[in-house]
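Dear colleague,

Please find below the structure I was asked to pass on to you. My notes on it follow directly after.

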Amino acid sequence: RSAHTSLITSLLFAPARDVSLAGNMPTIKQKALESRKVLSDKLKAETQVSRQKLLKVDVSQPEREVLEEHHEVLKLQASGVDCVCDNVASIHALNMAIRERNLQQQKAQEGVMQMFITRSLCTGCGWLTQSLGKELVRVTLAAAEASTIMSTVMYQLVCTLIYVVCLAIVAPPMQFLLNKGSFNKTTLWSYMLNLQKKALPLTIAWAFKDVVARLLDVTDTEFSDELIATLILTLLVACLQNLHPVIKAQRDIKQGNDSIAARYLSLPFCLMLSVGYAFNQCATCLVTYLTRSNTDLPPAARNSIQLMLQLVYFQIMSAAVIQINSRWSFKKTTDASEHFDWQQHSVMVESLLQELEADIGDTITHALGFVYGWGLSDTLKMIYYPFFMESPSYKQSKLQQVWYFAFLVSLLLGLFVSRLSTSEYRSAASKSYRELMINGMSLTVGWAWMNVFEMTINAFVNAWSKVYDSMWTALTCNFILYIFAWVVMSQMYYGLMDEHRVVNRSREEFHEAYPICGRDEEGVEIAPDSLDL
């Protein structure tokens, strides 16, 4: 009860993000003053040593008198030399600070943009693969007349299960081969294969998510049943992901010891999207119920009420997810610093409970990231389709409107991600907000293009069916658009990654031409990290 009260209080009365920890960290001005002081003290120490060395030189008496005169002159000019040292130190500190800041911002922006673009493209590629695979299964079952002996919902569940089983058998060997393959990294073919390698985990994740969605459709569950199913799925995924063989397989893959068996054992890590979908179904049940209860109102009033409900839900959900994510990150950091030792712990049961708590906490926080992404996507769709286009959803809208939404979301969220990637946040809540927002925006763009692919394929199938109606029509359209979309997205991925490669090369050439380096007594250049002025 106290934990729940603390969470609610933090949601209502928490200070603005990036404010609570601001006073505990040094400001940019303090860092700059410290940097200039260090450089200036080094320069002044060198000049002071040079002045003292004049009096220690072993020379004849006439030359001694000349040295003493020079020493007096240097003493008179000492204040001017110190002022020059301060100016040189300030210029050098400014130069290093600007170049370091620009380098950090460029690397952060490039890393986030690559993740944003790659995840968006991989989401679309994963959906295209799933659509083609499920259509192939549907045609196979239609040839066997399986659809005549079961209901529509059960038929869709069977198609999804067959597709998931086939994908789970084929995908791990493909991942292993693509990871071990050696290709020229500057060609379009290599980028196409690299995009396929990165899209396979999302393809598997979407397949598992569809199984959960079809199971919930078959059972026609209420909120209590959905909540129980979500808790069971969370426990199951947490236990699977923390089995010793699964952890070892994932560690081997990251360390380069890849194998087909390790790929099969790492499949439980593709279940996070399914857990996120289950959590999202529970989180949006109240909004869905209130939305369905306003069907008798005029369209304008209904759309306005739906938009207000979605905005209120997103505000509450985002605040709760940010607080939970930041608190859990802080707890993990605190627990890791305590160096927990099983051998010295008196109660083994408590140790196991703490480990189980950590496993479930990681699973829930990963799932809440997808809940945040779905909330952002649903909010933008609610603003665009019902409120502006006066259409219930993208399925009832025109094809051109769906394309406009995808282009608009890609442009606006791409610009916002670029700005958000260079923001320097300090508090845990602010860092959680940035992480969740970047993840949510990448998923939103990917889902927007998924809707484009779905509506485009449906439009092609409907138009082709009017000319030549056959059981192979949908499969043929899916295959043609799959090849076409893969080529286009691979070309986009190649162009964007090649642009990043050119930018990195230009930056390296600039730092090579204008290095921050000094010279030692023999005239040899000193690297920036070992430079001692």
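**The second largest pocket**

Helix H13 gives the largest share of the lining of the second largest pocket, namely seven residues. The model is a predicted one. In total, 40 residues line this pocket, and those nearest its centre are Arg119, Phe269, Met272, His366 and Phe370. Besides H13 (348-388), the elements that contribute two or more residues to the lining are H4 (78-143), H6 (188-219), H8 (244-254), H10 (272-283), H12 (299-337) and H15 (428-467). By residue type, the lining consists of 18 nonpolar, 13 polar and nine charged residues. The volume of the pocket is about 1,400 Å³.

**The protein overall**

The protein contains 16 helices and two strands. Its length is 533 residues, and 39% of these count as buried. Among contacts with a separation of 6 or more, 78% join residues 24 or more positions apart.

**Confidence**

The mean pLDDT of the protein is 76, and 72% of the residues score at least 70. Among its elements, helix H9 (residues 260-265) has the highest mean, 90, whereas helix H1 (residues 2-13) has the lowest, 47. Residues 339-349 have a pLDDT below 50, and the model gives this stretch nine contacts beyond near neighbours in sequence. Residues 519-533 likewise stay under 50, with 19 contacts beyond four places in sequence. Where pLDDT is low, predicted coordinates should not be read in detail.

With kind regards

Notes
Residues numbered from 1 in each chain as written. Predicted model: local features only at pLDDT ≥ 70, side-chain atom pairs only at ≥ 80, totals over all residues. Heavy atoms only, no water. 1 Å grid on protein atoms, 1.4 Å probe; cavity = no way out; pocket = protein on both sides within 12 Å on 5 of 7 lines; lining within 4 Å. Points joined across faces, edges and corners; volume = space filled by probe spheres on them. Helix = DSSP H or I, 4+ residues; strand = E, 2+ residues; numbered from the N terminus. Nonpolar A, V, L, I, M, F, W, Y, C, P; charged D, E, K, R; others polar. Buried < 20%, exposed > 50% of the residue type's maximum accessible area, 1.4 Å probe, protein only. Contact = heavy atoms within 4.5 Å. pLDDT = per-residue confidence, 0-100.
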